[in-house]
Each structure stands twice: as structure tokens, then as C-alpha cells.
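Subject: Structure handover

Hello,

Here is the structure I promised to pass on. Please open it alongside this message; my notes follow below.

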Amino acid sequence: MRYIQIKGGTSLHGEVAIQGSKNAALPIMAACLLVRGVTVLKNCPAISDVFCMCSLLQSVGAKTEWDRDALRIDASHITSCRLPEEFVTKMRSSVILAGAMLGRCGEVCLHTPGGCVIGDRPIDWHVRALEQMGAVFEEEGRLMTARAQGLRGGRIVLPFPSVGATENVILAAALAKGRTDICGCAMEPEILALCAFLNGAGARIVLPERGHIRVSGVNALRESEYRVEPDRIVAGTCLIGVLAAGGRAFLRNAPAGQLESVTALAGKMGARLVKTGEGLYVERTGRLCAPGFVETGVYPAFPTDLQSPLLAALCQAQGQSCVAERIFNGRFAVASELNRMGASIAVDGCCARMEGGCRLLGQDVTARELRGGAALVLAGICAEGTTRVYGRQYIDRGYEDIVRDFRCLGADIDDKTEL
Ligand code: UD1
């Protein structure tokens, strides 16, 4: 069994290059199914969710090939509409293949998607929106089939700015008949990345105003090359790592403009940050202060994906903190593992309250989901003594190599295998 071993208690110093974005790469990979030809995605992160998406694309007949950090996807021939259960249940974002497959083939058959254990994750808004565009869904147990004889545009109003539902509608609308207006849509940077990729391939997508995306269907998309943007969540994890452990680091390529809620909070907690054209410099050498109240929200608010890493920093800050989770109801699962390391976090519904100034001690802990796993690594870096983080496979879903990245920042961290 693989685990991460960390000898903690030292500050972080150095430079790390931020990998390509998981949440941008996955919907763009789905979008490649709309192209009857070859797409090349540069700076594509080598993470297990991307490998899982490659398997899904291959299962419907596309070919995928890596050349260093470039992923070449050839979707000239699609031979199946069925997404194998094995991959769909592993990764929730496989649901965005529904819009892409309906757009390309007019049919898709998939199992109800799985993914991280971070609370209820229904897909009702995806289904309702695709139905409005002409898709007909049939369910048999956990198997879902959708068919559409020519998707058509219209006005889709989302009840909440869901990232996945917005992506699904954009994907379905790109080749649909007529104009699709998506109102109340998500405006995360990854949505803008998907639109930029599609427009580069010949789609016609504009943003008339905030929360409104207009897609005018085209007949076909063309082959293109696209560079996946750096991952704001990985950059944020490294930033919070320096905040928690103290030290000085340069986060090369970090998209500082997408991290304003995080840098503002880090500044309030005692960090000094300098944006440069090449990335973000972060320094925390003085006291770590509790910010009081923090809540997650849709972009540009503090991202839910950085809430767990933040807990690792807050439990050591001077003073009490309260974190309200507004996106995923079950996203405090890591609190009990942090408490085993000496934190004092009390979870009540969507709020976590914690005493600051805790002395973390090394422990054997287990990651049960991606971002909670990253939080345990940060806690291990701050803790006195040795921490072993099990459940590495969850962390590998979104971090190319978290051991490599924190070693670049001087952490005493190793990849181990237990026989
Ligand atoms: C995406 C990101 C994830 C991030 C999240 C919020 C990817 C691959 N994943 O997830 O990392 O944490 O956005 O920024 O990009 N909901 C429903 N019904 C639906 C759809 C969503 O009730 O049909 C609810 C969800 O349960 C959740 C909330 O809406 O409570 C937000 O979910 P959504 O924005 O859709 O997140 P994902 O696209 O799953």
C-alpha cells in the first residue's frame, strides 16, 4: 500500500511550478468529442482523473496519445455511445460527457456517476437542462440512457450556478440548432477556459453579461491546439501550505488573478504576497492570525476546493475561526483526521468552528477524498514528528505529484510503499 511519509515541523522555502488545471482539462477533453479530427492539449496534467477521462474517450472510439505534457485526442471515429461503468462510477465529472456525446452522436448511455465523497452530488439540473434541449432520458436502475434527434437551443435557466451543469449545456449547445442562452450559469475560470477552447475550434460563444452565456450552434468544429491553464486549486494548496508552515516560496505560473479571495485571506492571516508576470511570491514569517469567519462560495468567492487545506492552516492560527461551507454539504470529513493530529474542530452542519493555536502531532491518517487528502499533507508538514498519509490514490486524482511539489518547497516528504 502506498502512503506519503512526512517529517514535519519545518517551514517551506523554494520554488514550485504549478501544473495544468484538472477542472479545465476534463471538460475540454469532453469537448474534443465534438471535433471530427485531432485536438492537441498542451500542459495537460498527468493526474488519475485525466487518465480516467482518457479511458472514457477510448471506450467510445477516440484515440489518445501523450507526448510529454501534450495530450493528442483523435475523435475522428466514434464507435460506441456507452460509457463503461468502471470509469463513470470512479469520477463524477464523467457526467459532462453526456452533453458532448449527445452533441456528437445523439445518444449516450451511462451509469449514475460517482466521485469524491463530499456530500450529495445529484445531477438533476444537468438532466433537466438537456431535456429542455430535446434529450429524452430513460433510467433503468442505475443505468441512464439519453437520446436526442437533433438538439435545439433555447433559454436554459439554472437554479444555481452549477459548474458541471453549465459545462454540460455548453457542450450540448455547441453543435445544436439555434441559439442557447444559459442564464444563472457558473462563471468559474474553468468555464471561461472551456468557452475559449471551443471558440478556438470554431464555436460561437459569447458572454453578454455576468451569469449569462450565449452559444450559437455551428455545423462543425475544427482541429486545434490549446494550452491548458495553470491549476488555481493546486496553486492555492501550495500558497496555503506556506501560510500554514511559514516560509517563503515562489509559485511559478500561479494564476494570481484567479486567486484573489485566497490571497486576500492569506494577507489578513499574516502573509505577504507579490504578483509577478511569472507567478506569485508568498511569504509568511510572522504570526499566523485567525481571520474569524470564512465562507466558501461560487467564484470569485473562496473556493470550496480549498476549504479543507485551509482548515489545516486555521487550526494553528492564533484565535478562533469559523468556516461555513456553502457548496458541498459533506465537505468536513477531514476534520476528524485533523482532530486526531491535535486540531480542535467542531463540525455543526455546514459550519466548522475551531480553536486556534493547536500543536499538531504526527499521526497515521487516511485521505478519503482529494482535497481532504491535500489538507492532511499540509497538516503533516506543520506537525511535529512523523505523519503517514494513506489513501494516496485520492490525492493523485488532482495533484500530479504532491510529494514532488512540496519537496521543491523543502518539505521532508517521501513516497513510500508498505509491503
Ligand atoms: C465542480 C468541480 C469541483 C468544484 C465544484 C464547485 C470539476 C471537475 N469539479 O464540481 O472541483 O468543487 O465545481 O466549484 O470541475 N448540484 C445539484 N444538482 C445538479 C448539479 C449540482 O444539486 O444537477 C449541487 C451539488 O450537489 C453541489 C452544488 O450544486 O452542492 C455545486 O455543484 P457543481 O457546481 O455542479 O459542482 P461540480 O460541477 O460537481
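In which order do the four strands of the open sheet that contains β4 and β13 run? The order is β4-β5-β3-β13, and the pairing is mixed. Before going further: this is a predicted model.

**The sheet with β4**

β4 (63-67) and β13 (224-227) are the edge strands of this sheet. Each of them pairs on one side only. On average, neighbouring strands here are turned by 20° against each other, direction ignored. β4 is joined to β5 (residues 70-74) by five bridges, and the two strands run antiparallel. Within that pair, D67 stands opposite A70 in β5.

**The sheet with β21**

Another open sheet also has four strands and mixed pairing. Its order is β21-β22-β1-β23. Three bridges link β21 to β22 (residues 385-390). These two strands run parallel. D364 is the residue that stands opposite R388 in β22.

As a reminder, strands of a sheet pair through backbone hydrogen bonds, in either a parallel or an antiparallel fashion.

**The ligand**

Now the ligand site. There are 19 residues around the ligand. D124, S162, V163, D305 and I327 come nearest. By type, the shell divides into seven nonpolar, six polar and six charged residues.

Which parts of the protein supply the shell? Domain 1 (2-19 + 230-417) and domain 2 (22-227) each give at least three residues.

- D305: a polar side-chain atom lies 2.6 Å from an oxygen atom of the ligand.
- V163: a backbone N or O atom lies 2.8 Å from an oxygen atom of the ligand.
- P122: a backbone N or O atom lies 3.3 Å from a nitrogen atom of the ligand.

How much of the ligand's accessible area does the protein cover? On its own the ligand has 740 Å² of accessible area, and the protein covers 88% of that.

Two elements give two or more residues to the shell: α5 (124-132) and α6 (163-173). The largest share, three residues, comes from α5.

Best wishes

Methods
Residues numbered from 1 in each chain as written. Predicted model: local features only at pLDDT ≥ 70, side-chain atom pairs only at ≥ 80, totals over all residues. Heavy atoms only, no water. Near = heavy atom within 4 Å. Polar contact = N/O pair within 3.5 Å; in protein donor to acceptor, adjacent residues only side chain to side chain. Areas by Shrake-Rupley, 256 points an atom, 1.4 Å probe, with all protein chains shown as cover. Nonpolar A, V, L, I, M, F, W, Y, C, P; charged D, E, K, R; others polar. Domains from an automatic or database assignment. Pairing = 2+ DSSP bridges. Axes fitted to C-alpha atoms, helices over the stretch in contact; angles between N-to-C directions.
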